[in-house]
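I opened the notebook today to look up a handful of local features, one at a time. Come along and check each entry against the viewer as you read.

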Amino acid sequence: MSGDRFEPYGDREHAGHDHEEHEGDGERHEDTATGTRTGPGNGSDGTRERDVPRRPGGGRAGPGDGPDPGDGPDRDAGPGHSAPIPPPRASVEDTGRLLPAPAPMPEQPAGAAPPAPEPLMLEHRVLKSLLGAWALAACAPEETAAVEEHLGECGACADEALLLRDAVGLLQRPESLDLDPGLRTRVLESCLKRRPPRIPVPDWAAAYDAETARLDALLQDFGDTEWHAPVRLRWYEADEATTRRTTVAGVIAHLMAVDGLVAAALGLPDPLGDLAPERATPSARTEAFWRGAHHPPTRSVRAPWRAQTHELVRTVSFTGSRAGRMPVSYGGYELPLHDAMLDRAFECWVHGEDIAEAVDYPYEPPTGRHLHGMVDLAARMLPAVLEARRQAGQEVSTERRLVAAGAPGRSLRLEIEGSGGGEWLIPLDSPAAKGSAEHEVAHIALDGSEFCRLAAGHVSPQEAAAGQVGDKTAIRDVLLAAASMSRI
(Lines give C-alpha, C1' and ligand atoms only; values in the text may rest on other atoms or scores of the structure.)
Protein backbone atom coordinates (compact mmCIF):
# COMPACT_ATOMS: atom_id res chain seq x y z
CA MET A 1 0.00 0.00 0.00
CA SER A 2 1.69 3.14 -1.15
CA GLY A 3 0.50 5.28 1.76
CA ASP A 4 1.81 2.96 4.51
CA ARG A 5 5.35 3.30 6.00
CA PHE A 6 7.25 1.10 8.48
CA GLU A 7 8.47 3.05 11.49
CA PRO A 8 10.92 1.48 13.97
CA TYR A 9 9.03 2.68 17.11
CA GLY A 10 5.58 1.63 15.85
CA ASP A 11 4.32 5.13 15.10
CA ARG A 12 3.03 4.13 11.71
CA GLU A 13 0.29 6.31 10.25
CA HIS A 14 -2.81 4.75 8.63
CA ALA A 15 -4.41 6.73 5.81
CA GLY A 16 -8.08 6.04 5.08
CA HIS A 17 -9.13 5.33 1.50
CA ASP A 18 -12.63 5.16 0.10
CA HIS A 19 -11.71 3.12 -2.95
CA GLU A 20 -10.48 -0.35 -3.69
CA GLU A 21 -6.70 -0.93 -3.46
CA HIS A 22 -4.61 -3.74 -4.86
CA GLU A 23 -1.29 -4.63 -3.18
CA GLY A 24 1.21 -7.35 -4.01
CA ASP A 25 -0.21 -10.78 -4.76
CA GLY A 26 -3.14 -10.42 -2.40
CA GLU A 27 -6.31 -8.53 -2.99
CA ARG A 28 -8.22 -6.60 -0.34
CA HIS A 29 -11.72 -5.15 -0.78
CA GLU A 30 -12.74 -2.43 1.63
CA ASP A 31 -16.31 -1.39 2.18
CA THR A 32 -16.29 2.38 2.45
CA ALA A 33 -19.53 2.38 4.39
CA THR A 34 -18.82 -0.07 7.17
CA GLY A 35 -15.03 -0.39 7.03
CA THR A 36 -15.44 -4.19 6.93
CA ARG A 37 -12.73 -5.92 5.04
CA THR A 38 -13.42 -8.96 2.89
CA GLY A 39 -11.11 -11.05 0.93
CA PRO A 40 -9.30 -14.31 0.84
CA GLY A 41 -7.56 -13.69 4.11
CA ASN A 42 -10.63 -12.80 6.20
CA GLY A 43 -12.94 -15.73 5.81
CA SER A 44 -16.65 -15.71 5.77
CA ASP A 45 -16.97 -15.74 9.60
CA GLY A 46 -15.86 -12.15 9.84
CA THR A 47 -12.43 -12.88 11.31
CA ARG A 48 -10.06 -10.03 10.45
CA GLU A 49 -6.79 -10.57 8.77
CA ARG A 50 -3.70 -9.71 10.86
CA ASP A 51 -2.15 -6.34 10.12
CA VAL A 52 1.24 -7.14 8.69
CA PRO A 53 3.78 -4.44 7.87
CA ARG A 54 4.31 -4.10 4.20
CA ARG A 55 7.12 -2.66 2.18
CA PRO A 56 6.55 0.59 0.41
CA GLY A 57 7.09 -1.14 -2.89
CA GLY A 58 4.79 -4.05 -2.17
CA GLY A 59 5.11 -7.21 -0.13
CA ARG A 60 5.53 -7.63 3.56
CA ALA A 61 8.37 -5.88 5.38
CA GLY A 62 11.06 -8.03 6.93
CA PRO A 63 13.99 -7.25 9.18
CA GLY A 64 16.39 -7.03 6.30
CA ASP A 65 16.50 -6.34 2.60
CA GLY A 66 16.15 -9.99 1.49
CA PRO A 67 13.30 -11.54 -0.36
CA ASP A 68 9.79 -11.22 0.87
CA PRO A 69 9.18 -13.89 3.50
CA GLY A 70 5.82 -14.34 1.95
CA ASP A 71 7.46 -15.78 -1.14
CA GLY A 72 9.18 -18.61 0.75
CA PRO A 73 8.22 -22.28 0.72
CA ASP A 74 6.36 -22.04 4.09
CA ARG A 75 3.82 -19.68 2.70
CA ASP A 76 0.39 -21.14 2.15
CA ALA A 77 -0.80 -21.18 -1.38
CA GLY A 78 -3.49 -18.86 -2.44
CA PRO A 79 -3.67 -15.25 -3.32
CA GLY A 80 -3.72 -12.71 -0.49
CA HIS A 81 -2.76 -15.18 2.22
CA SER A 82 -0.78 -13.57 5.12
CA ALA A 83 1.61 -15.21 7.61
CA PRO A 84 -0.04 -16.26 10.93
CA ILE A 85 2.79 -14.62 12.99
CA PRO A 86 4.27 -11.23 12.06
CA PRO A 87 8.03 -11.15 11.49
CA PRO A 88 10.29 -9.59 14.17
CA ARG A 89 10.55 -5.83 14.11
CA ALA A 90 13.84 -4.19 13.31
CA SER A 91 15.84 -2.52 16.13
CA VAL A 92 16.74 1.13 15.86
CA GLU A 93 20.43 0.17 15.91
CA ASP A 94 19.89 -1.83 12.68
CA THR A 95 18.37 1.08 10.80
CA GLY A 96 21.46 3.27 10.93
CA ARG A 97 19.55 6.09 12.57
CA LEU A 98 20.94 8.12 15.47
CA LEU A 99 19.93 7.04 18.98
CA PRO A 100 17.75 9.49 20.87
CA ALA A 101 19.68 11.79 23.18
CA PRO A 102 19.45 10.88 26.91
CA ALA A 103 17.25 13.03 29.07
CA PRO A 104 19.28 15.83 30.70
CA MET A 105 20.03 15.40 34.42
CA PRO A 106 18.83 18.17 36.71
CA GLU A 107 21.63 20.59 37.45
CA GLN A 108 23.02 20.69 41.02
CA PRO A 109 24.19 23.96 42.54
CA ALA A 110 27.94 24.27 42.87
CA GLY A 111 29.14 22.73 46.13
CA ALA A 112 25.76 21.16 46.88
CA ALA A 113 25.74 17.73 48.48
CA PRO A 114 24.40 14.84 46.38
CA PRO A 115 20.74 14.07 47.01
CA ALA A 116 20.11 11.57 49.78
CA PRO A 117 18.93 8.13 48.65
CA GLU A 118 15.23 7.59 48.89
CA PRO A 119 14.26 4.97 51.49
CA LEU A 120 13.12 1.63 50.22
CA MET A 121 9.63 0.42 51.03
CA LEU A 122 10.46 -2.78 52.95
CA GLU A 123 8.44 -4.96 55.28
CA HIS A 124 9.03 -4.91 59.02
CA ARG A 125 10.61 -8.35 59.09
CA VAL A 126 13.07 -7.37 56.35
CA LEU A 127 14.01 -4.16 58.13
CA LYS A 128 14.50 -6.04 61.39
CA SER A 129 16.82 -8.52 59.66
CA LEU A 130 18.93 -5.57 58.41
CA LEU A 131 19.60 -4.18 61.90
CA GLY A 132 22.79 -6.19 62.34
CA ALA A 133 24.21 -5.06 59.01
CA TRP A 134 23.16 -1.48 59.82
CA ALA A 135 25.03 -1.59 63.13
CA LEU A 136 28.14 -2.75 61.27
CA ALA A 137 27.68 0.01 58.63
CA ALA A 138 27.42 -2.68 55.97
CA CYS A 139 24.07 -1.67 54.41
CA ALA A 140 23.62 -0.05 51.03
CA PRO A 141 22.70 3.66 51.14
CA GLU A 142 19.06 2.93 50.26
CA GLU A 143 18.84 0.22 52.95
CA THR A 144 20.46 2.52 55.51
CA ALA A 145 17.90 5.23 54.77
CA ALA A 146 15.05 2.74 55.05
CA VAL A 147 16.31 1.32 58.36
CA GLU A 148 16.91 4.73 59.92
CA GLU A 149 13.46 5.94 58.88
CA HIS A 150 11.99 2.79 60.41
CA LEU A 151 13.90 3.30 63.68
CA GLY A 152 12.12 6.61 64.14
CA GLU A 153 8.78 4.83 64.05
CA CYS A 154 9.39 1.43 65.72
CA GLY A 155 10.48 1.55 69.36
CA ALA A 156 11.29 -2.17 69.59
CA CYS A 157 13.65 -2.02 66.62
CA ALA A 158 15.21 1.19 67.96
CA ASP A 159 16.02 -0.50 71.28
CA GLU A 160 17.51 -3.49 69.50
CA ALA A 161 19.54 -1.21 67.22
CA LEU A 162 21.07 0.55 70.24
CA LEU A 163 22.07 -2.78 71.75
CA LEU A 164 23.61 -3.92 68.49
CA ARG A 165 25.53 -0.65 68.04
CA ASP A 166 26.93 -0.96 71.59
CA ALA A 167 27.93 -4.56 70.89
CA VAL A 168 29.77 -3.48 67.75
CA GLY A 169 31.73 -0.97 69.83
CA LEU A 170 32.94 -3.83 72.05
CA LEU A 171 34.19 -5.85 69.10
CA GLN A 172 37.06 -3.45 68.42
CA ARG A 173 38.04 -0.96 71.07
CA PRO A 174 39.51 2.32 69.82
CA GLU A 175 43.27 2.38 70.25
CA SER A 176 45.88 5.07 70.07
CA LEU A 177 48.01 5.25 66.95
CA ASP A 178 51.07 5.49 69.20
CA LEU A 179 53.05 2.42 70.10
CA ASP A 180 52.45 0.69 73.41
CA PRO A 181 54.47 2.50 76.12
CA GLY A 182 55.80 -0.87 77.27
CA LEU A 183 57.02 -1.93 73.82
CA ARG A 184 60.40 -0.26 74.18
CA THR A 185 60.94 -1.83 77.59
CA ARG A 186 59.99 -5.31 76.37
CA VAL A 187 62.27 -5.03 73.33
CA LEU A 188 65.18 -3.90 75.47
CA GLU A 189 64.61 -6.67 77.99
CA SER A 190 64.52 -9.26 75.23
CA CYS A 191 67.73 -7.90 73.72
CA LEU A 192 69.50 -7.68 77.07
CA LYS A 193 68.61 -11.27 77.88
CA ARG A 194 70.29 -12.40 74.68
CA ARG A 195 73.34 -10.18 75.15
CA PRO A 196 73.69 -8.61 78.61
CA PRO A 197 75.35 -5.16 78.51
CA ARG A 198 78.76 -4.64 79.97
CA ILE A 199 77.39 -1.59 81.80
CA PRO A 200 73.67 -2.10 82.53
CA VAL A 201 71.24 0.71 83.35
CA PRO A 202 70.22 0.46 87.05
CA ASP A 203 66.60 -0.55 87.65
CA TRP A 204 65.90 2.72 89.46
CA ALA A 205 67.00 4.68 86.35
CA ALA A 206 65.03 2.57 83.83
CA ALA A 207 61.82 4.57 84.27
CA TYR A 208 63.64 7.85 83.53
CA ASP A 209 65.30 6.31 80.50
CA ALA A 210 61.92 5.10 79.17
CA GLU A 211 59.93 8.28 79.83
CA THR A 212 62.51 10.61 78.29
CA ALA A 213 62.59 8.39 75.19
CA ARG A 214 58.76 8.47 74.95
CA LEU A 215 58.65 12.25 75.27
CA ASP A 216 61.39 12.66 72.67
CA ALA A 217 59.42 10.44 70.27
CA LEU A 218 56.42 12.75 70.73
CA LEU A 219 58.53 15.82 69.98
CA GLN A 220 60.39 14.58 66.92
CA ASP A 221 57.71 15.50 64.36
CA PHE A 222 56.70 18.84 65.88
CA GLY A 223 56.72 21.89 63.65
CA ASP A 224 57.02 25.50 64.70
CA THR A 225 53.30 25.71 65.42
CA GLU A 226 53.43 22.82 67.88
CA TRP A 227 56.56 24.09 69.62
CA HIS A 228 54.82 27.40 70.32
CA ALA A 229 51.49 25.84 71.31
CA PRO A 230 50.32 27.20 74.70
CA VAL A 231 50.63 24.89 77.70
CA ARG A 232 49.18 25.58 81.14
CA LEU A 233 51.22 24.07 83.96
CA ARG A 234 49.15 23.14 87.01
CA TRP A 235 50.05 22.47 90.62
CA TYR A 236 48.80 23.08 94.20
CA GLU A 237 50.22 25.76 96.43
CA ALA A 238 48.84 26.52 99.94
CA ASP A 239 46.00 24.07 99.18
CA GLU A 240 44.94 26.16 96.19
CA ALA A 241 45.12 25.23 92.54
CA THR A 242 47.77 27.30 90.75
CA THR A 243 48.57 27.57 87.05
CA ARG A 244 51.29 29.08 84.89
CA ARG A 245 51.13 29.61 81.15
CA THR A 246 54.05 28.70 78.90
CA THR A 247 54.70 26.89 75.61
CA VAL A 248 55.78 23.40 74.58
CA ALA A 249 59.34 24.66 74.23
CA GLY A 250 59.03 26.31 77.64
CA VAL A 251 58.06 22.97 79.22
CA ILE A 252 61.17 21.28 77.79
CA ALA A 253 63.28 24.15 79.10
CA HIS A 254 61.69 23.61 82.53
CA LEU A 255 62.51 19.89 82.46
CA MET A 256 66.11 20.61 81.48
CA ALA A 257 66.48 23.19 84.29
CA VAL A 258 65.22 20.80 86.99
CA ASP A 259 67.18 17.84 85.59
CA GLY A 260 70.18 20.07 86.14
CA LEU A 261 69.82 19.42 89.89
CA VAL A 262 70.64 15.75 89.27
CA ALA A 263 73.37 16.68 86.81
CA ALA A 264 75.02 18.96 89.37
CA ALA A 265 74.92 16.19 91.99
CA LEU A 266 76.68 13.84 89.55
CA GLY A 267 79.33 16.44 88.69
CA LEU A 268 77.98 17.14 85.22
CA PRO A 269 77.71 20.67 83.73
CA ASP A 270 74.73 22.70 84.91
CA PRO A 271 72.59 23.73 81.91
CA LEU A 272 71.80 27.07 83.60
CA GLY A 273 75.47 28.04 83.97
CA ASP A 274 75.73 31.55 85.42
CA LEU A 275 71.92 31.83 85.52
CA ALA A 276 71.63 29.37 88.41
CA PRO A 277 69.98 31.05 91.43
CA GLU A 278 71.35 30.84 94.97
CA ARG A 279 68.29 28.96 96.26
CA ALA A 280 68.29 25.99 93.93
CA THR A 281 64.62 25.02 94.06
CA PRO A 282 62.90 23.66 90.93
CA SER A 283 60.66 26.74 90.70
CA ALA A 284 63.51 29.22 91.13
CA ARG A 285 65.70 27.47 88.56
CA THR A 286 62.86 27.39 86.04
CA GLU A 287 62.05 31.08 86.44
CA ALA A 288 65.75 31.99 86.16
CA PHE A 289 66.10 29.94 82.96
CA TRP A 290 63.02 31.51 81.39
CA ARG A 291 64.06 35.05 82.34
CA GLY A 292 67.70 34.65 81.31
CA ALA A 293 66.97 33.40 77.81
CA HIS A 294 67.55 36.05 75.14
CA HIS A 295 64.55 34.77 73.20
CA PRO A 296 61.57 32.58 74.12
CA PRO A 297 62.50 28.88 73.93
CA THR A 298 62.03 27.28 70.52
CA ARG A 299 62.62 23.88 68.94
CA SER A 300 66.36 24.43 69.54
CA VAL A 301 65.86 23.45 73.18
CA ARG A 302 65.15 19.83 72.27
CA ALA A 303 68.71 18.86 71.31
CA PRO A 304 70.43 20.01 74.57
CA TRP A 305 67.63 18.52 76.69
CA ARG A 306 67.91 15.15 74.96
CA ALA A 307 71.70 15.21 75.18
CA GLN A 308 71.45 15.89 78.92
CA THR A 309 69.04 12.97 79.47
CA HIS A 310 71.42 10.62 77.65
CA GLU A 311 74.32 11.88 79.74
CA LEU A 312 72.42 11.37 82.99
CA VAL A 313 71.50 7.76 82.11
CA ARG A 314 75.05 7.05 80.96
CA THR A 315 76.59 8.53 84.10
CA VAL A 316 74.36 6.71 86.61
CA SER A 317 75.02 3.50 84.67
CA PHE A 318 78.77 3.97 85.06
CA THR A 319 78.49 4.81 88.76
CA GLY A 320 76.46 1.64 89.34
CA SER A 321 73.85 0.83 91.94
CA ARG A 322 76.15 1.88 94.79
CA ALA A 323 75.54 5.54 93.83
CA GLY A 324 71.79 5.22 94.36
CA ARG A 325 71.97 6.75 97.84
CA MET A 326 73.89 9.83 96.74
CA PRO A 327 71.89 12.90 97.95
CA VAL A 328 70.37 15.27 95.44
CA SER A 329 69.39 18.68 96.79
CA TYR A 330 66.07 20.20 95.77
CA GLY A 331 66.64 23.41 97.72
CA GLY A 332 64.36 22.84 100.69
CA TYR A 333 64.85 19.06 100.91
CA GLU A 334 66.99 16.22 99.61
CA LEU A 335 66.26 12.94 97.85
CA PRO A 336 68.55 9.96 97.30
CA LEU A 337 69.70 9.61 93.71
CA HIS A 338 67.52 6.56 93.03
CA ASP A 339 64.43 8.47 94.25
CA ALA A 340 65.50 11.61 92.36
CA MET A 341 65.63 9.63 89.11
CA LEU A 342 62.12 8.28 89.80
CA ASP A 343 60.96 11.82 90.54
CA ARG A 344 62.40 13.05 87.23
CA ALA A 345 60.71 10.16 85.37
CA PHE A 346 57.41 11.05 87.05
CA GLU A 347 57.68 14.73 86.07
CA CYS A 348 58.70 13.83 82.52
CA TRP A 349 55.55 11.72 82.12
CA VAL A 350 53.27 14.36 83.67
CA HIS A 351 54.61 17.16 81.47
CA GLY A 352 54.51 14.83 78.48
CA GLU A 353 50.76 14.60 79.07
CA ASP A 354 50.60 18.41 79.31
CA ILE A 355 52.32 18.72 75.93
CA ALA A 356 50.18 16.02 74.33
CA GLU A 357 47.04 17.74 75.60
CA ALA A 358 48.20 21.06 74.16
CA VAL A 359 48.61 19.57 70.67
CA ASP A 360 45.56 17.30 71.00
CA TYR A 361 47.50 14.03 70.84
CA PRO A 362 47.02 10.84 72.91
CA TYR A 363 49.61 9.96 75.54
CA GLU A 364 49.43 6.78 77.58
CA PRO A 365 50.57 6.28 81.22
CA PRO A 366 53.88 4.51 81.90
CA THR A 367 54.19 0.74 82.10
CA GLY A 368 52.88 -0.95 85.23
CA ARG A 369 56.33 -1.59 86.69
CA HIS A 370 57.46 2.01 86.26
CA LEU A 371 54.12 3.40 87.45
CA HIS A 372 54.36 1.24 90.58
CA GLY A 373 57.76 2.77 91.37
CA MET A 374 56.35 6.30 91.03
CA VAL A 375 53.38 5.49 93.29
CA ASP A 376 55.71 3.90 95.84
CA LEU A 377 57.88 7.05 95.90
CA ALA A 378 54.85 9.27 96.57
CA ALA A 379 53.53 6.91 99.26
CA ARG A 380 56.92 6.89 101.03
CA MET A 381 57.08 10.70 100.93
CA LEU A 382 53.57 11.22 102.38
CA PRO A 383 54.52 10.85 106.10
CA ALA A 384 57.20 13.57 105.82
CA VAL A 385 54.80 15.83 103.91
CA LEU A 386 52.13 15.30 106.60
CA GLU A 387 54.65 16.29 109.27
CA ALA A 388 55.64 19.45 107.36
CA ARG A 389 51.99 20.44 106.98
CA ARG A 390 51.44 19.80 110.69
CA GLN A 391 54.31 22.11 111.60
CA ALA A 392 52.95 24.77 109.25
CA GLY A 393 49.54 24.59 110.92
CA GLN A 394 47.82 23.10 107.85
CA GLU A 395 46.75 19.84 109.46
CA VAL A 396 43.00 19.27 109.74
CA SER A 397 42.87 16.24 112.06
CA THR A 398 43.25 16.78 115.84
CA GLU A 399 43.50 13.09 116.72
CA ARG A 400 47.28 12.89 116.65
CA ARG A 401 48.92 10.64 119.22
CA LEU A 402 52.51 10.67 120.40
CA VAL A 403 54.25 7.41 119.48
CA ALA A 404 57.87 6.34 119.71
CA ALA A 405 59.97 5.99 116.60
CA GLY A 406 59.32 2.62 114.98
CA ALA A 407 56.22 1.97 117.07
CA PRO A 408 52.84 1.34 115.38
CA GLY A 409 50.38 4.22 115.29
CA ARG A 410 47.28 5.41 113.52
CA SER A 411 47.47 4.47 109.86
CA LEU A 412 45.62 5.02 106.62
CA ARG A 413 45.46 2.22 104.06
CA LEU A 414 46.20 3.53 100.57
CA GLU A 415 44.93 1.05 97.99
CA ILE A 416 46.04 1.68 94.40
CA GLU A 417 44.12 -0.23 91.77
CA GLY A 418 44.93 -1.06 88.18
CA SER A 419 48.33 -1.04 86.56
CA GLY A 420 51.12 -0.37 89.05
CA GLY A 421 48.79 -0.95 91.98
CA GLY A 422 49.38 -2.19 95.50
CA GLU A 423 48.69 -1.28 99.14
CA TRP A 424 50.57 1.03 101.49
CA LEU A 425 49.96 1.78 105.18
CA ILE A 426 50.62 5.49 105.74
CA PRO A 427 51.49 6.45 109.34
CA LEU A 428 49.51 9.50 110.42
CA ASP A 429 51.04 10.42 113.79
CA SER A 430 54.74 10.69 112.94
CA PRO A 431 56.99 10.05 109.94
CA ALA A 432 59.08 7.77 112.20
CA ALA A 433 56.05 5.71 113.23
CA LYS A 434 55.26 2.36 111.68
CA GLY A 435 52.16 1.75 109.63
CA SER A 436 49.94 -0.82 111.31
CA ALA A 437 46.87 -2.67 110.06
CA GLU A 438 45.69 -3.01 113.69
CA HIS A 439 45.62 0.77 114.03
CA GLU A 440 44.01 1.47 110.66
CA VAL A 441 41.54 4.36 110.91
CA ALA A 442 40.79 5.05 107.24
CA HIS A 443 40.96 3.46 103.79
CA ILE A 444 41.31 5.16 100.40
CA ALA A 445 41.08 3.45 97.00
CA LEU A 446 42.35 5.15 93.82
CA ASP A 447 43.53 4.23 90.35
CA GLY A 448 47.30 4.32 89.90
CA SER A 449 47.44 7.00 87.22
CA GLU A 450 44.76 8.99 89.07
CA PHE A 451 46.85 9.02 92.25
CA CYS A 452 49.88 10.23 90.29
CA ARG A 453 47.83 13.02 88.74
CA LEU A 454 46.71 14.00 92.23
CA ALA A 455 50.34 14.15 93.33
CA ALA A 456 51.07 16.25 90.24
CA GLY A 457 48.32 18.76 91.07
CA HIS A 458 46.27 17.87 87.99
CA VAL A 459 43.34 16.45 89.99
CA SER A 460 41.72 18.12 92.99
CA PRO A 461 41.66 16.20 96.29
CA GLN A 462 37.87 16.36 96.32
CA GLU A 463 37.65 14.49 93.01
CA ALA A 464 40.47 12.01 93.48
CA ALA A 465 39.34 9.22 95.81
CA ALA A 466 37.08 6.62 94.23
CA GLY A 467 36.39 4.98 97.58
CA GLN A 468 36.69 6.35 101.13
CA VAL A 469 36.03 4.60 104.41
CA GLY A 470 36.86 5.72 107.95
CA ASP A 471 38.12 8.94 109.52
CA LYS A 472 37.13 11.76 107.16
CA THR A 473 39.63 14.25 108.55
CA ALA A 474 42.50 11.79 108.17
CA ILE A 475 41.45 11.10 104.58
CA ARG A 476 41.33 14.80 103.83
CA ASP A 477 44.79 15.33 105.37
CA VAL A 478 46.33 12.62 103.19
CA LEU A 479 44.67 13.83 99.99
CA LEU A 480 45.73 17.42 100.59
CA ALA A 481 49.25 16.27 101.43
CA ALA A 482 49.43 14.32 98.19
CA ALA A 483 48.33 17.36 96.18
CA SER A 484 50.81 19.61 98.00
CA MET A 485 53.72 17.48 96.71
CA SER A 486 53.12 19.02 93.28
CA ARG A 487 55.22 21.92 92.05
CA ILE A 488 55.87 23.81 88.88
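**Entry 1: the helix I kept returning to.** Before anything else I settled what counts as a helix here: a DSSP run of H or I at least four residues long, with helices numbered from the N terminus. I also noted that the model is predicted. With that in hand I looked up what comes after α11, and found D360, whose phi is positive, near 60°.

Then I turned to helix α11 itself, residues 337–358.

How many of the residues of α11 are buried? The count is 19 of the 22, so the helix is largely enclosed by the rest of the structure.

Next I looked at F346 and W349, which form an edge-to-face aromatic pair. Why are they separated by about one helical turn? They are 3 residues apart in α11, and that spacing accounts for it. As a reminder to myself, an α-helix has 3.6 residues a turn, so residues three or four places apart point the same way.

**Entry 2: other aromatic rings.** I asked how many aromatic pairs the structure holds, and the tally is 3. One of them joins F222 and W227: the ring centres are 6.1 Å apart and the planes lie at 75°, so this pair is edge-to-face.

R165 lies over the face of W134, at 4.4 Å from the ring centre. R214 does likewise with Y363, where the distance to the ring centre is 4.5 Å.

**Entry 3: a glutamine and a backbone oxygen.** I found Q308 in helix α10, residues 302–319. Its relative accessibility is 10%, so Q308 counts as buried. What does the side chain of Q308 reach? I traced it to the backbone oxygen of M256, at 3.2 Å.

Entry 4: I located β4 at 230–237 and β5 at 240–247. They pair in the antiparallel sense over 8 bridges, and when I looked up the bridge partner of V231 in β5, I got T246. The hairpin has 2 residues between the strands.

Which of the accessibility classes do they fall into? A238 has a relative accessible area of 58%, so I put A238 down as exposed. D239 is at 28%, so D239 counts as partly exposed.

**Entry 5: the hairpin of β8 and β9.** Strand β8 covers residues 408–417 and strand β9 covers residues 422–427; they pair in the antiparallel sense over 6 bridges. Opposite R413 I found L425 in β9. This hairpin has 4 residues between its strands, and G418 in the turn takes a positive phi of about 80°.

**Entry 6: one annotation.** Last, I checked the UniProt record. Its unreviewed entry lists residues 129–158 as "domain: Putative zinc-finger". How much of that stretch is helix, and how much is strand? I got 70% helix and 0% strand, with the end C-alpha atoms 13 Å apart.

How values were computed. Residues are numbered from 1 along each chain as its sequence is written. Side-chain values use heavy atoms; hydrogens and water are left out. Two strands pair if DSSP finds at least two bridges between them. UniProt positions are given in the numbering used here, feature names are shortened, and annotations may be inferred rather than shown by experiment. Rings of Phe, Tyr and Trp (its six-membered ring) pair if their centres lie within 6.5 Å; planes under 30 degrees apart count as stacked, over 60 as edge-to-face and the rest as tilted. A charge sits over a ring if NZ of Lys or CZ of Arg is within 6 Å of the ring centre and within 35 degrees of the ring normal. Buried means under 20% relative accessible area, exposed over 50%, partly exposed in between (1.4 Å probe, protein chains only). A polar contact is a pair of N or O atoms within 3.5 Å; within protein, one must be able to donate a hydrogen and the other to accept it, and residues adjacent in sequence count only if both atoms are side-chain atoms.
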